[in-house]
Amino acid sequence: MRNLFFNGILCVAFIAMGCAGPEKPEGMPDLLPVTLVLTQDGTPLAGANVALAPVEQTAGRNWTSGGMTDESGTVVISTYGKFRGAPAGTYKVALRKTKETGPISRDDGPEGIAEYKQWEAEHAKELAQIKTVSCIEKAYTSAATTPLEITVDQGNTRFELNAGKSVEEEIKRTRHGM
């Protein structure tokens, strides 16, 4: 009976330790909950990658914060992809959303590897015509040029932002994929 009690206490302790989540890196400032709601042409901007870039660069570490918008255009910001929130400060908001256009979609192919390779060979001409386009105006894709800016503090943690107009600008690839 004593072992059962002791094992029960150990289980509760291990569960409690696991619920604490990952340990924050040394020097990480307190994080404030940050939610952005993005629209484009008056509709929610779904599936966009959002990155917050601090306006004032510090001599120390910069804490990478961002996330991806859901179907309602809402993103809950995380730092380092696992700590909910962002440090207080002023940020430029850069966005990225791409899609492929062309006479055929890679998603049309079969699921099996061998079947897909055969399908790919049979549709090489159509697949070569696929282009990757940005759905975001170029100015919004870089922290250096984006007009979007937020200041996160105790009183400001929810922001509604307009991501400009919807576009389909081809992304030119170089030999190295950039």
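User: Which residue in strand 13 stands opposite Ser 134?
Analyst: Start with the strands: strand 10 covers residues 131-134 and runs antiparallel to strand 13, with two bridges joining them. Helices (H or I, at least four residues) and strands (E, at least two) are DSSP runs, numbered from the N terminus. In strand 13, the residue opposite Ser 134 is Glu 169.

User: What kind of model is this?
Analyst: Residues are numbered from 1 along each chain as its sequence is written, and side-chain values use heavy atoms, leaving out hydrogens and water. Local features need pLDDT of at least 70, side-chain atom pairs count only at pLDDT 80 or more, and totals for chains, interfaces and linings use all residues; this is a predicted model.

User: How many helices and strands does the chain have?
Analyst: The chain has 178 residues, and buried ones make up 29%. Buried means under 20% relative accessible area, exposed over 50%, and partly exposed in between (1.4 Å probe, protein chains only). The secondary structure comes to three helices and 13 strands.

User: What share of the contacts with a separation of 6 or more joins residues 24 or more positions apart?
Analyst: Contact means heavy atoms within 4.5 Å. Take the contacts in the chain with a separation of 6 or more: the share from residues 24 or more positions apart is 71%.

User: Where is the pLDDT below 50?
Analyst: pLDDT is the predictor's confidence in each residue, from 0 to 100. The chain has a mean of 84, and 83% of its residues reach 70 or more. One stretch falls below 50 and has zero contacts in the model beyond near neighbours in sequence: residues 1-19.

User: How far apart in space are Asn 49 and Ala 94, C-alpha to C-alpha?
Analyst: Asn 49 is found in strand 3. Setting aside neighbours within four places, its contacts are Gly 67, Met 68, Ala 94, Leu 95 and Arg 96. Asn 49 and Ala 94 are 45 residues apart in sequence, but their C-alpha distance is 8.3 Å.

User: Is Thr 35 buried or exposed?
Analyst: Thr 35 is found in strand 1. Beyond four places in sequence, Thr 35 touches Thr 74, Val 75, Val 76, Thr 157, Arg 158 and Phe 159. Its relative accessibility is 18%, so Thr 35 counts as buried.

User: What is the angle between the planes of Trp 63 and Tyr 80?
Analyst: Rings of Phe, Tyr and Trp (its six-membered ring) pair if their centres lie within 6.5 Å; planes under 30 degrees apart count as stacked, over 60 as edge-to-face and the rest as tilted. The whole structure holds two aromatic pairs. Trp 63 and Tyr 80 form a tilted pair, 5.4 Å centre to centre, with a plane angle of 45°.

User: Where does Tyr 80 lie?
Analyst: Tyr 80 has a positive phi of about 60°, although it is not a glycine. With 30% relative accessibility, Tyr 80 counts as partly exposed. Its place is the loop between strand 6 (78-79) and strand 7 (83-84).

User: Why is the pair of Tyr 116 and Trp 119 called tilted?
Analyst: Both residues sit in helix 2 (residues 113-122), three residues apart, so about one helical turn separates them. Trp 119 is buried, with a relative accessible area of 11%. The ring centres of Tyr 116 and Trp 119 are 5.4 Å apart, and the pair is tilted because the planes stand at 40°.

Technical notes:
Pairing = 2+ DSSP bridges.
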